[in-house]
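The notes below are meant for a colleague opening this structure for the first time. They go through the chains, the contact between them, and then a few local details.

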Amino acid sequence: MTRGREAIFFTAFITLVMLAALWVAKDWPVRAAIIIFLLGGLGVVLAAVQLFKDYRAIHAEGVGIVRPTFEVAAIEHEGKWGSLEIWAWLWGLYFAIHLIGFPIALPLFVFAYVKFYGGGWLTAIVLTALTWGFLYGIYDYLLHVPWPKPWLSAVLPW
Amino acid sequence: MFEAALEGLIGVLQPEAFMFMCLGVAIGSLVGFLPGIGGPSTLAIMLPFVMTMKDPLLVIALLVGLDAVGNTASAFTSILISVPGSSGSQATILDGHPMAKNGEGARALSASFVASLLGGIFGALVLFASLPILRPLVLSFSSPEFFILTLWGVSMVGILSGNAPIKGLLAGILGVFISTVGLDAKSGVERFAFNVSYLWEGIDLVLVALGIFAIPEVIDLAGRKGTIAKAEEFGRGYVQGIIDVFTHWWLLLRTSIIGVWVGFLPGLGSSVADWFAYAHAVQTEKNRENFGRGDVRGVIASEGSNNAKEGGDYIPTLAFGIPGGTSSALVLTAFIAVGIKPGPDMLTSQLNLTFAVIWTLVIANIIATAICMVFARPIAKICFMPFYAIVPPIVAFVFIGAFAANFHNYDLLGLMMFSSLGFFMRRYGWPRAPLVLGMVLGDKMELYLWLSYTRYGFEWLARPAVIVLIILLLASVLYPIYTSKRRAAALPAED
């Protein structure tokens, strides 16, 4: 699927969000719904125009053009996995935090990431130690943050 | 006013505040010369930390210090390796990098640092000078005018922060919608919470900012992989670069004015300021044949404007509570969280805090320039850190920061969801700044709209100031759309 076609799906998603917001807000009192009606109505019209523009762009150019924004260039990744690789790391960290807890998952993530991409032992150990030090020193020792209980807490020794 | 200025200066020079300012400058400089990590991402990462602070002066010192200097250090990578450290230093590459290739890297760097310093101080002075004009104006405004102003702020950022005006406006509306999530205290209605108690308090801006800005940058950095290009020679002409800035003082002054003006207009960030200033330099300077091949005037124009822009940016932020861009929207969020009330209060009862911002802008620029000048050679080496040494610590900070929003497991889920939204927005060319701005201003917009309606019915639309503001709003929304249509129509003819 081309980027232009993907872009249409995203615009359609935003359109649905606008419509859903209006639908949900229709039962609210005026005080709560006034801003949703004012901006949501405008949003649906704008989203429809954007959908039309995206559709026309695909048919005009064949593949569709996604022009980058001023603020930063749109993400372009090469290679077989593209952005999926880093997403896998992020979701892996997310589940690791739930499974084994923050104090272990974060330093482990840092160490594994550095070593996986060919970083030296020294870099890996120093960054891991800094992360753990930051986590423990600021959040545990100073702020006494209540870390969530990991799912594997019953079998883990900590 | 003099007493408030003195109070502000004494405040930021207190040991604790000064230490926080130095920390902000150090972090701002660090992220400035690490390509891929922008100022907004860093500010988003800092939000959870600063929101636990009690003293507003410390927050000003840290965040304004950080925000003020990002563009100073970003010249390192723009000049040495042709990769902009921040979006505000893109135009610096055009002449800075050829200078480095010609063996004049040191001259380009010193010129950029001094131009940044003087531009930054100029921006702060304009902010100072604008106070007497702004005060009566802001105090004469009522809820209808403030409603139109908030609407104008979101619209302008939506229209101008990308080259996709409709997407920008939709992002702004989406931001306002997100700000309404939770229990509405006035009507008692549960809005978009779907019986999930976690959502009753609303969605924390920290989560949105981290997800929308920080994670997509990390994804981009990780996706590009590899170390950044081979280093150029540090080169010669360090003192000459300083002399160059003073030789071309008139150019610096003009481009600084452009920077302040761009900063003042909501929606136009530093990425626009440097290009406007560079274009102005090329159009107006004599002997322009060397531009693009290593002309120091190109570096001075770009770097002077992007730092001056910060002072201009804080004028609408402090006076109207309407941030000029993403960074100031995030700074504004932190200000509100610690009890600073942007708007009329900043020009009356909290004037000393406004002066603290001005002094921080000045002092932070001086410190950043001193650091860059003294440690230029060792700092230049850090530019070449590989991605695998940068990505994991940032991810760790982001996850900790997100969890610190509410100390709830759902915080992490929220982070992942907004990261996906931010990723897709960036991937498909949707500007993200309007979303954050819409979220920041959503509460105020709703309140001002309701107050206007209940106090004046529909008569508020006939108030002279409101009519003027609506005309300005429509003009600023429609004119860029019109010019972009005209440009698009002209393209095939040019081909």
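**Notes on the two chains and their packing**

1. Buried residues make up 62% of the 495 residues in chain B. The model is a predicted one, and this should be kept in mind throughout the points that follow. The secondary structure of chain B comes to 21 helices together with two strands. If one takes the contacts in chain B between residues at least 6 apart in sequence, 81% of them join residues that are at least 24 apart.

2. Chain A has 158 residues, of which 28% count as buried. Its secondary structure consists of five helices and zero strands, so that the pattern read along the sequence is α-α-α-α-α. Among the contacts in chain A with a separation of 6 or more, residues 24 or more positions apart account for 60%.

3. Where the two chains meet, chain A contributes 53 residues to the contact and chain B contributes 54 residues. On the side of chain A that touches chain B, the elements giving two or more residues are α1 (3–25), α2 (30–61), α3 (84–100), α4 (102–116) and α5 (121–142) of chain A. Of these, α2(A) gives the most, with 12 residues. Sorted by class, the residues on this side of chain A divide into 40 nonpolar, nine polar and four charged.

4. Within chain A, the packing of α4(A) and α5(A) deserves a look of its own. Their axes are 9 Å apart, and the two helices pack at an angle of about 160°; since angles over 145 degrees count as roughly antiparallel, α4(A) and α5(A) are therefore described as roughly antiparallel to each other. The crossing in which α4(A) passes α5(A) is right-handed. From α4(A) the contact draws on F102(A), P103(A), L106(A), P107(A), V110(A), F111(A), V114(A) and K115(A), while α5(A) supplies T123(A), A124(A), L127(A), T128(A), T131(A), W132(A) and L135(A). By class, this contact of α4(A) with α5(A) has 11 nonpolar, three polar and one charged residues.

5. A helix pair in chain B can be read in the same terms. The axes of α15 (residues 326–337) of chain B and α20(B) come within 9 Å and cross at roughly 30°; because angles under 35 degrees count as roughly parallel, α15(B) and α20(B) are roughly parallel to each other. The crossing in which α15(B) passes α20(B) is left-handed. On one side of the contact are T326(B), A329(B), L330(B), L332(B) and T333(B) in α15(B), and these meet A433(B), V436(B), L437(B) and V440(B) in α20(B). The residues of this contact divide into seven nonpolar, two polar and no charged.

6. Which residues have the most contacts inside the largest nonpolar core? They are L63(B), A209(B), L210(B), F399(B) and V436(B), in a core of 198 residues. Helix α7 (residues 105–139) of chain B provides the largest share of this core, with 16 residues.

7. The C-alpha atoms of G28(B) and V114(B), which are 86 residues apart along the chain, are separated by 17 Å.

8. A last point concerns W460(B), which is found in the loop between α20 (433–456) and α21 (464–494) of chain B. W460(B) counts as buried because it has 20 C-beta neighbours inside 10 Å, and the cut-off is 20 or more. Leaving aside its neighbours within four places in sequence, W460(B) is in contact with P144(B), S452(B) and V466(B). The C-alpha atom of W460(B) is separated by 9.2 Å from that of S143(B), although these two residues are 317 residues apart along the chain.

Methods:
Residues numbered from 1 in each chain as written. Chains lettered and ligands numbered in written order. Predicted model: local features only at pLDDT ≥ 70, side-chain atom pairs only at ≥ 80, totals over all residues. Helix = DSSP H or I, 4+ residues; strand = E, 2+ residues; numbered from the N terminus. Buried ≥ 20, exposed ≤ 12 C-beta atoms within 10 Å, placed from the backbone. Contact = placed C-beta atoms within 7 Å. Nonpolar A, V, L, I, M, F, W, Y, C, P; charged D, E, K, R; others polar. Axes fitted to C-alpha atoms, helices over the stretch in contact; angles between N-to-C directions. Parallel < 35°, antiparallel > 145°, perpendicular 65-115°, else oblique. Left-handed = near helix turned anticlockwise from the far one by under 90°. Core = buried A, V, L, I, M, F, W, Y, C linked by C-beta atoms within 7 Å.
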